[in-house]
Each structure stands twice: as structure tokens, then as C-alpha cells.
Amino acid sequence: MSETVAVRASEQPPSAFAAAWHMLRDVVVSDRKAKIGASLLVFLVIVAIIGPYIAPHDVELPNTDIRLTGPTLSNIMGTDHIGRDLFSRIISGLTISLMVATGAVVIAVVIGVPIGAFAGYQGGWVDSVIMRIMDAIIAMPGRLLAIALVAAIGPSVGALWFAISFGSVPRYARLIRGGVLAQREREYVEAARAIGESPGSTLFRYVLPNAMAPVLVQITLNFPSAITAEASLSFLGLGLVPPTISWGQMLSAAQPYLEVAPWLAIFPGLALTALIMGFVLLGDALRDHLDPRSHGRRRAKKKDSA
Amino acid sequence: MAILDVRNLTVDFNLDDGGTLRAVDDSSFTIERGEVMGLVGESGSGKSVTALAIMRLLDSQADITAGQILFDGEDLAAKSEAEMRAIRGRRISMVFQEPMTSLNPAYTVGDQVSEVFRAHFDMGFGESKQRAIEMFERVKIPQPKDTYGKFPHEFSGGMRQRVMIAIALACGPDLLIADEPTTALDVTIQAQVLSVIQDLQRDMGLALLFISHDLEVVAQLCDKVAVMYGARIMEVSESTELFSSPRHPYTDGLLRSIPRRGQPLTPIAGTIFDLRSPPDGCRFHPRCPYAEDRCRREMPELRVVEPVAASTDPGSSGDSGGTGDRRQAACHFPLTGAGAKA
């Protein structure tokens, strides 16, 4: 077993995310909160992927015979004002929600991390200029910025990706810059230079992998905010428009029927909560793991209760 | 020709307040191929800065402001960063003091050793892995194959330092700079690591610059010793002669401050001066028991000192021509016997 692991590790160059991945694995194995969060997420992601195949009804097909009916055996979450199956629509909304959030987070990471790494590694005035621009972006309220951007570009998945990721780019840039500044002074970075590594491979092999862990936490915390951002933009009619299904849009459409068909708001709301919960639990556990002081707190708490 | 010939090396640090600090001042020494030279001195005397200057790894605040570093006849001080990259790890390597933090925690130790091969030779993963495992054998790491896939945190300090040595010697360099490689290790592990260094040095015909403040280790390992004090080299000598009959009062003081059973400890009086405002004349005069007026006014150059009368050291009198050249001291009034003054 260990033999195969060793061989595999040697055959392919380890990725820069290896360290972060190891940490994720450790935390999920050791922390109960992380276990619950991760299981919830794995379950929801599987549902999102196989969604179209398990959805019991056509998401668009209206059935005026069963308008605004509560949960029944064939429509377990009830139906909406034109008789579409709410459960099938929530599954479809999950796929969209995850797609928008994932895209926004990936874009933010892919742009923010290199910016921060470059600024931190370069230092001097380049660093100052880049980071002041980042400060300026972070100073603007994120949601407002997203509304302005979507309003300017028009509603589409691409626009949402751009609008939602724009505000979180500086967070990644700041995080990774701090990590790079700290790593740059480490002995193994000096040792890397002493074996004749180029600045590029020093950055990618020695500095970045060891600065990635906080980014992982930021990613798990960025997901909930991206999900709510999409939901609230769609709720306001600025995000996704029909026929694309979005939970925010479903909540908005449920408003007139709150008194007669509260399930129209309750079920999308619960779905949104579950998805966000998964990320928050996992992110919390990761943050605890990274913060040495919180280890002490937890231990102290255990002692108290014992 | 000497593999390393450092001539009048001077390194200045630009301080944040606008001042400068001379960390290495007009230092010269040579190391022959296959020779082991010790560089000793107290903390802050400029040993590590000398090493980093040779590697051209000084931080941006520090500059080589004068002198030459002739490595195999070529001046490293005049080389570009790209040229230095081809030399570092390939022809000159370095082992650092802190084995616990000198390895990259994100990669396996095997990958870090094979990376050196990939960085300097056009070598694939399979071959570099094979070579890395051979290096693990040479530094006497047990079960080299299993070791390959392990991460640094799975090793003790001694094992990590062996990995560092494997990385440093992977490409068969001409010169190894070891900056206090055993200071962070406990005594038994220190002896093991030293014997690994010593064996490989002999096998590979490696020139070694061994930086340490542990005089006993230096005496055991080195052919030749340079003593630094306050950024300047005070004395250069064959190691046996240095320890039997120091010519510089500072060396003498250092040797007397080694604890010996049954003898009172004689520390050197006073403390090292502030490098930002060095004293006039000889750097050591405020602490020197033999200081005279001339010492306070005039800085002594490092120069060849006459051999002491043959009777004091019969072992060295046979080849006094060779060793006499190599006994250098920066003192107006070099000592002539074991602690006695001329």
C-alpha cells in the first residue's frame, strides 16, 4: 500500500495544491463539524450532477389542475402557481446555484492568487500600486458593486460570474500576498535559491504551495457569499431570468402566494440554507484547524466539560 | 590553483536609517581543492555573511562593495544572477544551520533531492528518482527507497540534515559551504552527521568551508582555520598549529575560553563592539590584554607571521616553508608561544 503511494507520488510532479488538499483531508477526518459539512456538500453536489435524471417531473411543464397544491406523494414539495413541480425545480436551481458560485469562486482565485503572489514576490512600488488598487475595490460594498456590474452588462451566467467574483478578487490577493511575504523569508526558500532554483520555480514550488492553506479556507467561506449573492441578485430580478431556474427567483415568485402557499418560499429557503450550511461548517472547521489559538480553546473547553 | 580565492572581500549593509554597516571587511582567504577550511568566530562576526556573499545570496540590503571571489579562476562577484543560478547547487552548494526548517514541507524529501537533478541536468523523473535514492544511500539514510516518498515532518533533525546534505551534494559540487550544520543537533547526532560530511568530503574530493563557533568540532574536521572577529579575519593557520600555538591574542582568548575539566574558565573580557561604530585601530584592542598605543591607532593588516622557534612545535618545523606561508595574523604584536608575548 505505502509502496504504491510512494511510486505514485514520485511519478507525477505534485501539484501546488497538494498541501491544501492534505489539510482538507486531515480536517475532514478529524473534525465532526467538517465531516457533517463535507457530507452535506458531497450529497448536494451529487444531486446537482444527477439532478436532471432523478427529477420526477418536467421543470417547465405547467399543470393547471394542481396549481398551488401543498406537498403530496407525487409532488413532495408541492407545486407553484402554474402547477410546476417544486422539487424538480429546486434540484435544477441547485445545479445553477452551484455552477454560478463555483464559476465565481474559481475566477476570483485564478485572478486574485496570481495578483497577490506577484505583488508579494515583487515587493517595492509594484506591490504598493497593486495592493492600493485592491484596497480600492475592497472599499466598495460588494453586493452594490455586483448590482451595478450586472445592471451594466445585463443578466447572464457570465455576467454573474464576473460581477460576483470581482469583489472577492482582492481578498485572495491580500491573503496570498501575506502568505508569500511570510514564506519568502523562510529558510527553505533560501535553500531553494542555494540549489540554483530560478525565481519562477522558487515561487511555484516553495512559496505558493506553503501559502495556499488560508486560501482554501477563504474558498469555503467565499462559496456561501457567492451563493447568496446570486440568489439575492436573482431575487431582485438582476440575476438569472426565466427560463433559467434560480432559487432567488423562486423566492421572489413566491412572494404573492406567501399566505396561501408558504411552501413555495420555505423549500427554496431550506435548500439555500442547507447548501450554505455545508460550506460554512467545512470552512469553520478549516479555519479552526489553521488557527493555533483555537486549538487551545477547544482543548480547554473539553477539559471544562470533563 | 585554489578552488576558492577570496580577495579583500567587503560587504556593506544599507541600514534603514540611512547608515551602513560593514559586515565583512577586507577579508581574504583561499581554499584548495579537497581542503577543509574552518571559519570560526562569535555570533555577528561575519561568518555567515561571508558564506552568503560567496553564494551571492545576500539580501537586497547588502552589497559586495569591494574585493573578488575567485572560484576556479572566475570572479563570482562579477557574475550575473543567471550565471550564478547555474553554479549554485551544481558547483557550489550550501548546507544551512536549521535542518528543521530548511526543507520544503509541501514536497516529499525524495522529490526535493531529485529536483536538484532536474534543475541542473536534463533528466526525467525516473532517472532523477534513481539518483536521489543513491544519494540517500551515500548519506547513510536507512531504507532509502521508503524514505523517498516521505515528507520532511516525518523525520528527525539529524535525518533532515542528511537529506539537506544529499541535496547539497547531489550534483557533485567542487565546493560545499556548511554554515553551522550541526549547531541545532544534539551531540550524538552531531557526531553522526559530521562523520557523514567527512566521509563524503574525502570520497568526493570536495573542498569544504565549514562555518562554526564550535572550536572542538573545527579542530577535529578542518585542515585550516580562519578566525573572524568584528567583520575581519584575525588569523589564518593550519588547524593543528592554530590550536597548539595561536598567534593572535583573540584566538588565544577563544581557546582559553573553552571549558576544561579542573581548570577555571577564562572568558575574553568585554563584549563585541557595535558593528555600526567600530573602534579605531585594531578591532580587538578594547578587549586585548596586550594592547598598546599602536593598536589603538593603526589597523593591523592580515600578514604572514614568522614561524615560532622550532622547539615549540617540532611537528611543523619539517615543512616550515609551506606552513610558514600559511600562518597569517592581523596583529602588530603576534604571540610567539602558548600565550606568552614576544
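This is a predicted model: local features need pLDDT of at least 70, side-chain atom pairs count only at pLDDT 80 or more; totals for chains, interfaces and linings use all residues.
Residues are numbered from 1 along each chain as its sequence is written, while chains are lettered from A and ligands numbered from 1 in the order in which they are written.

Chain B is assigned domain 1 (4–222) and domain 2 (225–329); such bounds come from an automatic or database domain assignment. The centres of these two domains of chain B, taken over C-alpha atoms, are 27 Å apart. Where they meet, 24 residues of domain 1 of chain B are in contact with 19 residues of domain 2 of chain B, contact meaning that the C-beta atoms, placed from the backbone, lie within 7 Å. On the domain 1 side, β2 (20–31), β3 (36–40) and α8 (215–221) of chain B each supply at least two residues, and β2(B) gives the most, with nine residues. Helices (H or I, at least four residues) and strands (E, at least two) are DSSP runs, numbered from the N terminus.

Chain B also holds an open sheet of eight strands with mixed pairing, in the order β6-β7-β8-β3-β9-β10-β12-β11. Two strands pair if DSSP finds at least two bridges between them. At the edges stand β6 (92–95) and β11 (303–304) of chain B, each with a single partner strand, so one side of each is left without a neighbour in the sheet. Within the sheet, β10 (residues 232–238) and β12 (residues 328–329) of chain B pair in the antiparallel sense over two bridges, and B:Glu235 stands opposite B:Ala329 in β12(B).

The contact between the chains takes 23 residues from chain A and 29 residues from chain B. On the chain A side, α8(A) gives the most, with six residues.

The largest nonpolar core has 172 residues. A nonpolar core is a set of buried Ala, Val, Leu, Ile, Met, Phe, Trp, Tyr and Cys residues joined through C-beta atoms within 7 Å; buried means that 20 or more other C-beta atoms lie within 10 Å of a residue's own. Helix α4 (residues 86–122) of chain A gives the most to this core, with 18 residues. Both domain 1 (4–222) and domain 2 (225–329) of chain B give residues to this core, so it lies between them.

Methods
Two residues are in contact if their C-beta atoms, placed from the backbone, lie within 7 Å. A residue is buried if 20 or more other C-beta atoms lie within 10 Å of its own, exposed if 12 or fewer, and partly exposed in between; C-beta atoms are placed from the backbone.
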